[in-house]
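Colleague: Hi! Could you walk me through this one while I have it open?
Modeller: Happy to, let's bring it up.

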Amino acid sequence: MLYLAASCIALLFGPLFYRYFSSGSGLQKGLDGFIFVSLGGLVLIHILPELLEHGGFITLLFVVLGLWGPTASERLFHRYSDITHNVTLTLGIGGLLLHTITDGGAMVLAQQEGNSSLLALGVIMHRLPVGVAIWWLLKPQVGTRWASAVLAAMMVLTGLGYFAGEQLLDSLSLDNTVYLQAFVTGSILHVVLHQPHGQHEEDHQGRYQYQAGIGSLLGVALLAVLLLMDTGGHDHAHHSHGSEQFMTWLLTISPILIASYFIASARFKAGLTPQNHSLSSRWLQRLVGPEALLITLLLLGPWFAIYQAMSLLAIGALLSLSKVELTDPHENLPQSAWRFGFAHLVDRSAPWIALSLILANLIGHPSVHLEHPALQVLILLVVFLPMRFCNLGAAVLALSLAYSGWSNVAVAFALIAAPVLSLSQLKLMSWSMRLSLSAVLAVALLFAHQYLVDWHQLLTLPNSVNIAGLVVVGLIFSASLLRLGPRKFLSRLMIKFSGHNHDHNHDHAHGADTSDKSAAAPTEHKHHH
């Protein structure tokens, strides 16, 4: 009963947080940052791997449908965008209500002999962002009465899950409702990614990014605590992948990532900068850095590093000779080499590194059976085209996929194709150039299939060094979050809908043409939403 009471009290923090933080635009930005990171991270790192465990690869299709469906329908049916938004919001809230019943059941499990109380503590703590999000989403839209009713319903359903017999829990189990839960999980992500209301004043000058950054760091801290509880609290199979695997990757990559930023600073000092007059020099930096080679060399082995270097040199030479310009050029370069490596480059690469780890944690999940190399490459192609990966993000994604047991061909494809295969980059090429690039990539993949030997980790560092590296990476990534705020930090990933904020009192026509402008350097937005 103590757990039940605590979980209900945790939900009541929502109105309290909202009342305090809505008193000023800066504080409201902080609340937005907290919800954006904590609820979004909770879904991506905690909930989705659990759904994948029960539903396999089809689960991801339902998540994508829930995430992109509302955006597509709003663009197709302009006149009914309000209705679409309200339906999406209802689905998201419904999904959270459904999840609430299983939370109550989880607390019963935590009380059973042999199970850890950390499970119940984890449930209680993840109710904090849920309660805040419910109030943040609903109060401006439907008022205090309805928002209170939803919170009350969540408490009632938690009690129902807590006291109900196993029969009810079985009928609502993940095995029976996995695709429904996947769809509403996508709806929750949609609502979190798009600011749900335009009630607060617009922050064109970025005056409140610092407060948004503080809120997002609090969200990251909450996620870190939940992850640590997950790894130590209970031993379901999906948590060993979803949480422990994620932490292992972070620890392994962090020290090497710091060394890569050092190399970037050194090459900037030596005059190899993103604004070199030589097109071939700019393509070399875009494709390989060359700091990305260090990650491949030390964590995948010399053969992968040689393969990556040779393949990208061939691609770079082809693009340079054909006079293909780079999409998303670097802007506002700092004068200091240190600021370039540990601030400017961090701002550009950190979102891609985080995305790469989360992506690999999902599509590399043991329950997602994608064993054929051609199918793996096809899935990666679908991921790469709407985005524009940086070379460090590509190396981290390749590494994570290798550790997840994906084929050498898929790992090689991530290394050489991610930094160049994007719709925005392909638009700058002629048809003959696109065919030539496709031919080079096909030859490189055939070579990887025939001759590339299995990867092996060249450097294994002591755990104390890995932990220290993770702390340093956490600090420099946190500084980036504080500089930019969470939405601007991730705006490079969300090029298709960064200008779309669900303020239905104004014209939505601007949302369709922000693709390349919003992908500009994250230190400056040249357009106003």
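Predicted model: local features only at pLDDT ≥ 70, side-chain atom pairs only at ≥ 80, totals over all residues.

Colleague: Thanks! Which helix gives the most to that nonpolar patch?
Modeller: That would be α13, residues 302-321, with four residues.

Colleague: How does α13 pack with α12?
Modeller: The angle between α12 and α13 is about 150°, and their axes are 6 Å apart. Angles over 145 degrees count as roughly antiparallel, so α12 is roughly antiparallel to α13.

Colleague: And which residues meet there?
Modeller: From α12 you have A292, L293, T296, L297 and L300. On the α13 side they meet P302, F304, A305, Q308 and A309. By type, the contact of α12 with α13 has eight nonpolar residues, two polar and no charged.

Colleague: Let me switch topic. Where is P290, and what is the peptide bond from G289 to P290 like, cis or trans?
Modeller: P290 sits in the loop between α11 (279-287) and α12 (292-300). The bond from G289 to P290 is cis, with omega near 10°.

Colleague: What is phi of K323 near?
Modeller: Phi of K323 is near 60°, which is a positive value in a residue other than glycine. You'll find K323 in the loop between α13 and α14.

Colleague: Now charges. How many salt bridges does the structure hold?
Modeller: There are five salt bridges. One of them pairs R267 with E291, and their closest N and O atoms are 2.9 Å apart.

Colleague: What does the pair of R267 and E291 tie together?
Modeller: R267 is in helix α10 (residues 237-269) and E291 is in the loop between α11 and α12, so the pair links parts that are 24 residues apart in sequence.

Colleague: Last one: at what angle do α14 and α20 pack?
Modeller: Helix α14 (residues 337-363) and helix α20 (residues 463-484) pack at about 95°, with axes 9 Å apart. The two helices are therefore roughly perpendicular to each other.

Colleague: Which residues make the contact of α14 with α20?
Modeller: α14 brings F342, A343, V346, D347, A350 and I353, while α20 brings I476, F477, S480, R483 and L484. The residues of this contact divide into eight nonpolar, one polar and two charged.

Colleague: Great, thank you!

Technical notes:
Residues numbered from 1 in each chain as written. Heavy atoms only, no water. Axes fitted to C-alpha atoms, helices over the stretch in contact; angles between N-to-C directions. Parallel < 35°, antiparallel > 145°, perpendicular 65-115°, else oblique. Contact = heavy atoms within 4.5 Å. Nonpolar A, V, L, I, M, F, W, Y, C, P; charged D, E, K, R; others polar. Salt bridge = Lys/Arg side-chain N within 4 Å of Asp/Glu carboxyl O.
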